[in-house]
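Welcome, and thanks for taking a look at this one. Please open the structure below and keep it in view while you read the briefing.

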Amino acid sequence: MSTIDAKILKSRLTKHAKERDLSEQQRKLVEAYRMGKMNEQDFQSQLSKDPVLAKWVRQVLEAASKDPLSK
């Protein structure tokens with residue numbers, strides 16, 4: 001994820017985390033990342049282990065950019 005994508009993601013996470021069907025643990029991971037308590041590498045590691053969260057992040061980024069991300 002680029003630095004720009006990370007900034008977009010962090011700026012949108014609070015709003016979307018409450019609207020989407022994330023588990024409590026997933027919401028805590030998102031919040032930790034958004035608040036700077038989890039670095040980019042650790043967040044990426046979590047995304048690679050959690051396809052549901054990874055899909056949600058992709059949807060947030062696509063909605064923010066209004067362009068589909070390449071697969």
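Met38 touches Leu29, Ala32, Tyr33, Phe43 and Gln46, leaving aside residues up to four places away in sequence. Please keep in mind that this is a predicted model. Met38 also belongs to the residues with the most contacts inside the largest nonpolar core, together with Phe43, Leu53, Trp56 and Val57.

**The nonpolar core**

- The largest nonpolar core has 13 residues.
- Helices α2, α3 and α4 are the elements that give two or more residues to this core.
- Which element provides the largest share of this core? That is α4, with five residues.
- As general background, nonpolar side chains tend to be buried together in soluble globular proteins.

**The aromatic pair**

- The count of aromatic pairs comes to one.
- Why is the pair of Tyr33 and Phe43 called stacked? The ring centres are 4.1 Å apart and the planes lie at 5°, so the pair falls under the 30 degrees that count as stacked.
- Tyr33 sits in helix α2 and Phe43 in helix α3, so their pairing ties together parts that are ten residues apart in sequence.
- Are these two residues buried or exposed? Tyr33 counts as buried because its relative accessibility is 1%, and Phe43 counts as buried because its value is 0%; the cut-off for buried is under 20%.

**Helix α2 and what follows it**

- Helix α2 covers residues 24–34, and its buried residues are Gln26, Leu29, Val30, Ala32 and Tyr33.
- Viewed down the axis of α2, these buried residues fall within an arc of 160°, so they line one face of the helix.
- Just after α2 comes Gly36, with a positive phi of about 80°.

**Where α3 meets α4**

- Helix α3 spans residues 40–49 and helix α4 spans residues 51–65.
- The axes of α3 and α4 come within 5 Å and cross at roughly 115°.
- On the α3 side, the contact is made by Phe43, Leu47 and Lys49; on the α4 side, by Pro51, Leu53, Ala54 and Val57.
- How do the residues of this contact divide by type? Six are nonpolar, none is polar and one is charged.
- Phe43, Leu53 and Val57 take part in this contact, and they are also among the residues with the most contacts inside the largest core.

- Asp42 lies in helix α3. With a relative accessibility of 40%, Asp42 counts as partly exposed, because the value is between the 20% and 50% limits.
- Asp42 and Leu29 are 13 residues apart in sequence, and their C-alpha atoms are 9.9 Å apart in space.
- Gln44 also has its place in helix α3, and at 28% relative accessibility Gln44 counts as partly exposed too.
- Between Gln44 and Ala54, which are ten residues apart along the chain, the C-alpha separation is 8.8 Å.

**The whole chain**

- The protein has four helices and zero strands, and along the sequence the pattern reads α-α-α-α.
- Of the 71 residues in the protein, 30% are buried.
- Looking at contacts between residues at least 6 apart in sequence, 51% join residues at least 24 apart.

Methods
Residues numbered from 1 in each chain as written. Predicted model: local features only at pLDDT ≥ 70, side-chain atom pairs only at ≥ 80, totals over all residues. Heavy atoms only, no water. Buried < 20%, exposed > 50% of the residue type's maximum accessible area, 1.4 Å probe, protein only. Arc of directions from axis to C-beta. Axes fitted to C-alpha atoms, helices over the stretch in contact; angles between N-to-C directions. Contact = heavy atoms within 4.5 Å. Nonpolar A, V, L, I, M, F, W, Y, C, P; charged D, E, K, R; others polar. Core = buried A, V, L, I, M, F, W, Y, C linked by side-chain atoms within 4.5 Å. Phe/Tyr/Trp six-rings, centres within 6.5 Å; stacked < 30°, edge-to-face > 60°.
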